[in-house]
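Here is a short briefing to read alongside the sequence and the model. Please keep both open as you go.

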Amino acid sequence: MSTELPKPTARRLSAPSWKDSRLLIGVLLVLASVVVGALAIGAADDRVGVWAAKGELVPGDPVGTEDLVRVEVQLGEQAGEYLASEQEIPQGATVDRLVVGGELVPRSALVDPGELEVRSVPVHVDPIYLSTLTKGSRVSVYAAEPMSADAEQAGEPARYEKVIEQVTVAQIPGDEGGLMSSATEAAVVLLVPEGEESRLLSLDRKDRPIKLVADGGSLQQGGE
């Protein structure tokens with residue numbers, strides 16, 4: 001007598017239900033990717049074209065499109081504070097402050113040369129104080145104190161005092177169009193506050209060159 005084994009019952013596949021957590025998670029992931037993509041496209045559309053400095057710009061430098069590079073950035077409500085790339089640059093315009101290479105050019109920094117509150121002054125500088133300086137460096141200016149005839153005759157070293165601080169180096173020997181230099185002196189162009197140029201020129205002596213010290217540094221007194 002044979003015994004028949006029970007036959008397995010076939011299971012029907014049911015359509016996915018909205019109550020299926022896996023389906024809900026998949027739908028949410030798709031929606032999230034769509035939203036993120038839309039936000040990214042929208043953010044890219046908010047970028048505006050503005051001018052950035054190609055290299056160092058100091059007060060008095062003529063500024064034209066050849067000195068700038070166009071960049072697209074997101075500035076939001078601050079967009080109006082910077083020089084738009086479609087904005088025409090006035091002929092002969094300059095900047096009234098230091099603008100470093102790569103920095104966005106503020107609209108307020110572009111001025112007529114007559115509006116500058118600094119003046120370019122060429123001075124004789126001890127070359128040993130130029131090794132760490134570049135165009136745009138901020139420095140303090142030291143000049144030799146007056147010496148008595150006896151002190152000069154005895155060969156005493158000059159004492160230096162700070163006469164102006166936080167001035168900008170506009171040009172150093174070796175720059176394009178820079179002034180000449182020698183082993184004992186170099187001609188450097190400084191941007192000094194308006195009204196200080198005569199004073200600085202009166203302190204500029206070829207036999208005792210002016211010394212420049214970068215902001216934050218100190219001058220070591222001693223022989224030249």
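The notes below move from the whole chain to a few residues.

This is a predicted model, in which local features need pLDDT of at least 70 and side-chain atom pairs count only at pLDDT 80 or more, while totals for chains, interfaces and linings use all residues. Residues are numbered from 1 along each chain as its sequence is written, and side-chain values use heavy atoms, with hydrogens and water left out.

**Overall build**

- The chain holds three helices and nine strands; helices (H or I, at least four residues) and strands (E, at least two) are DSSP runs, numbered from the N terminus.
- Of the 224 residues in the chain, 32% are buried; buried means under 20% relative accessible area, exposed means over 50%, and partly exposed lies in between (1.4 Å probe, protein chains only).
- The accessible surface of the chain is about 14800 Å², with 53% of it belonging to carbon and sulfur atoms; areas come from the Shrake-Rupley method with a 1.4 Å probe, and for residues only the protein chains shown count as cover.
- Taking contacts between residues at least 6 apart in sequence, 66% join residues at least 24 apart; a contact means heavy atoms within 4.5 Å.

**Confidence**

- The average pLDDT of the chain is 78, and 73% of the residues score at least 70; pLDDT is the predictor's confidence in each residue, from 0 to 100.
- Over residues 178–184, pLDDT stays under 50, and the model has 15 contacts beyond four places in sequence for this stretch.
- Where pLDDT is low, the predicted coordinates should not be read in detail.

**Salt bridges**

- Side chains of opposite charge can pair when their charged atoms come close.
- The chain has seven salt bridges, each being a side-chain nitrogen of Lys or Arg within 4 Å of a carboxyl oxygen of Asp or Glu.
- One of them pairs R47 with E72, with the closest N and O atoms 4.0 Å apart.
- That pair links distant parts of the chain, 25 residues apart: R47 is in the loop between α1 (21–45) and β1 (48–53), and E72 is in strand β2.
- R47 is partly exposed at 42% relative accessible area, and E72 is partly exposed with a value of 42%.
- E72 also forms a salt bridge with R70, where the closest N and O atoms are 3.2 Å apart; R70 is partly exposed at 45%.
- Elsewhere, E165 and K162 meet in a salt bridge of 3.5 Å, N to O.
- Salt bridges that share partners join R47, R70 and E72 into one network.

**Around S85**

- S85 lies in the loop between β2 (68–73) and β3 (94–95), and its relative accessibility of 14% makes it buried.
- The side chains of S85 and R70 are joined by a polar contact of 2.9 Å; such a contact is a pair of N or O atoms within 3.5 Å, and within protein one must be able to donate a hydrogen and the other to accept it, with residues adjacent in sequence counting only if both atoms are side-chain atoms.
- Leaving out residues up to four places away in sequence, S85 touches G49, V50, W51 and R70.

**Around D96**

- D96 sits in the loop between β3 and β4 (110–111) and is partly exposed, with a relative accessible area of 34%.
- A polar contact of 2.9 Å joins the side chains of D96 and R97.
- Beyond four places in sequence, D96 touches P59, S108, A109, V111 and L116.
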